[in-house]
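Dear colleague,

Please find below the structure that I am handing over to you. My notes on it follow directly after.

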Amino acid sequence: MNEPAAVNKQIFARLALAYLFASIDFHIGPVNLLPEFVSWVLLLLVFRDMREAKPEIAQLNSFAYLLLAVSILSPVLNLLTGGAIQNINWIPLSIISTAMSLYVWFITFTVFAQYCTDIGLDSKSVYRIRNCNLALNVAMFLLLQYLLQASVLLWILMLAQIILIIWFARVQMLLYDELTIEQKQENTLTETISEIKTEDKVML
């Protein structure tokens with residue numbers, strides 16, 4: 001294993017939670033129970049934890065900080081202006097922020113899949129989720145911007161997004177279990193070798 005067990009576990013848990021907060025927009029009245037800024041905070045922590053093993057992840061820091069600022073300022077400005085800011089045509093900025101977000105997640109999934117491969121885990125499902133996430137979010141963005149928001153297709157895509165979240169959570173759990181088993185096997189092997197060495201010294 002290239003990384004300590006604790007660091008590995010934090011990466012898996014934080015990345016799964018980050019994807020949940022980035023994908024679901026759940027409100028009770030004016031309160032968003034899954035604010036997007038949490039996903040960027042968690043992603044920045046993931047980048048920090050992976051930086052030693054995968055230095056290329058550092059290229060995403062500036063994008064993540066910028067998107068974190070946007071995700072905080074947007075609801076604050078909306079609250080201060082009484083919702084008037086929502087009536088402004090933000091399509092160009094929306095396209096830019098969405099493209100940046102998709103880029104960050106695409107590279108994050110890619111580097112995470114490589115990271116899993118480096119520590120001996122099967123990363124094929126991570127690549128599949130990466131591709132599905134890109135296609136799904138592009139489709140949802142185009143549908144929201146240029147077609148009716150209440151269309152049946154939008155509800156289908158939202159359902160697909162929920163399925164993708166569950167799929168990714170399941171993959172994270174399986175990878176975590178696989179990692180735990182491998183670490184236990186390594187610990188058992190280390191203990192066995194240590195015992196053999198101890199017995200050899202006693203015999204000598």
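The side chains of Arg 14 and Asp 49 form a salt bridge, with N and O 2.7 Å apart; the term stands for a side-chain nitrogen of Lys or Arg within 4 Å of a carboxyl oxygen of Asp or Glu. This pair joins distant parts of the chain, since Arg 14 belongs to helix α1 and Asp 49 to helix α2, 35 residues apart. Helices are DSSP runs (H or I, at least four residues), numbered from the N terminus.

Please note that this is a predicted model, in which local features need pLDDT of at least 70 and side-chain atom pairs count only at pLDDT 80 or more, while totals for chains, interfaces and linings use all residues. Residues are numbered from 1 along each chain as its sequence is written, and side-chain values use heavy atoms, leaving out hydrogens and water.

Asp 49 is buried, at a relative accessible area of 10%; buried means under 20%, exposed over 50% and partly exposed in between (1.4 Å probe, protein chains only). Arg 14, Arg 48 and Asp 49 are linked in a network of salt bridges.

The structure holds 4 salt bridges. Another of them pairs Lys 54 with Asp 118, the closest N and O atoms being 3.1 Å apart. Lys 54 lies in the loop between α2 and α3 and Asp 118 in helix α4, so this pair ties together parts 64 residues apart in sequence. Lys 54 is buried, with a relative accessible area of 9%, whereas Asp 118 is partly exposed at 42%. Lys 54 also forms a salt bridge with Glu 56, at 3.5 Å between the closest N and O atoms.

Yours sincerely

Notes. Helix = DSSP H or I, 4+ residues; strand = E, 2+ residues; numbered from the N terminus.
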